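Happy to walk through this one with you. Below, each label is set against the rule behind it.

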Amino acid sequence: PGGTANLMSLELGIPRDLAQAAVVALSERSKMRAIDIGQAGDNYFILRVGFGFSGKKVEATSREMKDRFGVLAYTIGAIKAIKETDVINWKLTLDGERQEFEGFALLVDNAGTFGVKGLSHSSKVRIDDGLLDVIVVRDIGFLSVYSIGASIADLQPDASTFRHWQAREIEIESEPPSLINGDGEIWGETPVSIRILPGAVKVIVPEEYNSKEK
C-alpha cells in the first residue's frame, strides 16, 4: 500500500499499515491470487479508467493538494470539477456492439472498491472475472446516487440515470473530447481503445482474503 487512497489494498484485503502488509508478504499462510489488468491505449490500469467528471476531478487535484490533504484532496477536486463538467455524448463499441448515450461521467472498472469496504458501483464488478464494467452516469444528482445504491443492493437501477455493461474490448469516443483518468493519472483525451488482460498479475494476499470469484 502506497497510494493516496490505497484502494487496491482494500480491494484485496491487504493491511494499509506497511508493517502489517510486510507480514502478509512473508507469511507462509498467505495466498497467491491472479488478478486482471486493464489496458487503455499504451497505458495499464488496475482499478479503473474514468472520463468526463472523473477526468476533471483528477485534473483539479494537484500533487500539492494530495500531499497536504491526503484522500480529502479528491473531495476538494470533485467540488471544483462539478462546476466545470458538462454533459458529454458518449459513443461506445462494446465487444463489437455500438451504444450511444449522453452522460455526466463514464467509468471503465476493473475493480469495484471506492474507499469504503463493500461500496461499489455494482456487486457485479470483480477483479478476477476477465471482464471490464462500463458505467455511464447520466446525471450526478440524487437519482444517480439512488441508482448506484440500487445496483449495489442487486436491485434494478434506474436506466434513465445509470447504465451498466460488461465487455472485454471497448472503444470510446466522445463529443466533446474527454480527459482520460487512469488510476489517478491523466492519460490524454478520447478516443481510446481499452481491453482486459485476464489474470495478468499475481498478488500475495492474506489467508483470510475472500475471493470474489463466482
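**Labels and the values behind them**

D183 lies in the loop between β10 and β11, where helices (H or I, at least four residues) and strands (E, at least two) are DSSP runs numbered from the N terminus. This is a predicted model, in which local features need pLDDT of at least 70 and side-chain atom pairs count only at pLDDT 80 or more, while totals for chains, interfaces and linings use all residues. Residues are numbered from 1 along each chain as its sequence is written, and side-chain values use heavy atoms, with hydrogens and water left out.

Q: Why is D183 called partly exposed?
A: Buried means under 20% relative accessible area, exposed means over 50%, and partly exposed is in between (1.4 Å probe, protein chains only). D183 has a relative accessible area of 29%, so the residue counts as partly exposed.

Q: What makes F51 count as buried?
A: Its relative accessibility is 0%, so F51 counts as buried. W90 also has a relative accessible area of 0% and is buried.

Q: Why is the pair of F101 and W165 tilted?
A: The ring centres of F101 and W165 are 5.3 Å apart and the planes are at 50°, so this pair is tilted. F101 lies in strand β5 (residues 97–103) and W165 in strand β8 (residues 162–167), so the pair ties together parts 64 residues apart in sequence. Both F101 and W165 are buried.

Q: How do you know that R29 forms a salt bridge with E207?
A: A salt bridge is a side-chain nitrogen of Lys or Arg within 4 Å of a carboxyl oxygen of Asp or Glu. The closest N and O atoms of R29 and E207 are 3.6 Å apart, so the pair qualifies. R29 lies in the loop between α2 (18–26) and β1 (31–40) and E207 in the segment after β12, so the bridge ties together parts 178 residues apart in sequence.

Q: Is R29 buried or exposed?
A: R29 has 60% relative accessibility, so R29 counts as exposed. E207, at 45%, is partly exposed.

Q: What makes R33 and D128 a salt bridge?
A: Their closest N and O atoms are 3.2 Å apart, and both R33 and D128 are buried.

Q: Which residue forms a salt bridge with R98?
A: The partner of R98 is E173, with the closest N and O atoms 3.4 Å apart. R98 is partly exposed at 49% relative accessibility, and E173 is partly exposed at 36%.

How values were computed
Phe/Tyr/Trp six-rings, centres within 6.5 Å; stacked < 30°, edge-to-face > 60°.
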